[in-house]
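Here is a short report on one protein model. Read it with the sequence and the 3D view side by side.

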Amino acid sequence: MTDRDFERLLYFDDQDLLTILRGVSNTQLLSALSGTDCVSIRLRICEVLSFNGARLLMADLERDGKERLPDRPEARITILELIEDMTERGLIRPQMLPHQVRRAS
């Protein structure tokens, strides 16, 4: 399990990303994000949250970063499993990763 696997979150549209976030507890999200160095994931999630939600999330991440929480790969795995389940049930659309998109000739 790498940050690259977790980067799948970057490729969902806003509606599907919000659906995923509704299925994740705040504790799971915070644990998953505190263990990743990928700033783009944090920013992408903040884009779909309300202003106050994004502000609170970033404050929590900053606080936890200062406390140097251990990496929490199990939280990221739980979120990836949720994505797979939601995709199978048709709640979200499967996303196209950059390497899956064919270039138009």
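Start with Phe12. At 3% relative accessibility, Phe12 counts as buried, because the cut-off for buried is under 20%. The model is a predicted one. Phe12 sits in the loop between α1 (3-6) and α2. Leaving aside neighbours within four places in sequence, Phe12 is in contact with Leu17, Ile20, Arg44, Ile83, Ile92, Arg93 and Gln95.

**Overall layout**

The protein has six helices and zero strands. Read from the N terminus, the order is α-α-α-α-α-α. The chain holds 105 residues, and 36% of them are buried. Take the contacts with a separation of 6 or more: 82% of them join residues 24 or more positions apart. The accessible surface comes to about 7000 Å², and carbon and sulfur atoms account for 51% of that surface.

**The nonpolar core**

In soluble globular proteins, nonpolar side chains tend to be buried together. Here the largest nonpolar core has 26 residues. Phe6, Leu9, Ile20, Leu33, Ile45, Leu57 and Ile83 touch the most other members. Helices α2, α3, α4 (39-48), α5 and α6 each give two or more residues to this core. Which helix gives the largest share? Helix α6 does, with six residues.

Ile83 lies in helix α6. Ile83 is buried, with a relative accessible area of 0%. Beyond its neighbours within four places in sequence, Ile83 is in contact with Arg8, Leu9, Phe12, Ile20 and Ile92.

Leu9 is another of the core residues that touch the most other members. Not counting residues up to four places away in sequence, Leu9 touches Leu17, Ile20, Ile41, Arg44, Ile45 and Ile83.

Is Ile77 buried, exposed or in between? Ile77 has a relative accessible area of 34%, so it counts as partly exposed, between the 20% and 50% cut-offs. The C-alpha atoms of Ile77 and Asp5 are separated by 9.1 Å, although the residues are 72 apart along the chain.

Glu47 is in helix α4. Its relative accessible area is 58%, so Glu47 counts as exposed, the cut-off being over 50%. Glu47 and Asp14 are 33 residues apart in sequence and 8.3 Å apart in space, C-alpha to C-alpha.

| Pair | Apart in sequence | C-alpha to C-alpha |
|---|---|---|
| Ile77 and Asp5 | 72 residues | 9.1 Å |
| Glu47 and Asp14 | 33 residues | 8.3 Å |

**The largest pocket**

Rolling a probe the size of a water molecule over the atoms shows where empty space is left. The largest pocket has a volume of about 260 Å³. It is lined by 14 residues, and the closest to its centre are Asn26, Leu29, Leu49, Gly53 and Leu57. Helices α2 (14-22), α3 (26-34) and α5 (51-67) each supply at least two residues of the lining. What is the make-up of the lining in nonpolar, polar and charged residues? Nine are nonpolar, three are polar and two are charged.

Methods: Residues numbered from 1 in each chain as written. Predicted model: local features only at pLDDT ≥ 70, side-chain atom pairs only at ≥ 80, totals over all residues. Heavy atoms only, no water. Helix = DSSP H or I, 4+ residues; strand = E, 2+ residues; numbered from the N terminus. Buried < 20%, exposed > 50% of the residue type's maximum accessible area, 1.4 Å probe, protein only. Contact = heavy atoms within 4.5 Å. Areas by Shrake-Rupley, 256 points an atom, 1.4 Å probe, with all protein chains shown as cover. 1 Å grid on protein atoms, 1.4 Å probe; cavity = no way out; pocket = protein on both sides within 12 Å on 5 of 7 lines; lining within 4 Å. Points joined across faces, edges and corners; volume = space filled by probe spheres on them. Nonpolar A, V, L, I, M, F, W, Y, C, P; charged D, E, K, R; others polar. Core = buried A, V, L, I, M, F, W, Y, C linked by side-chain atoms within 4.5 Å.
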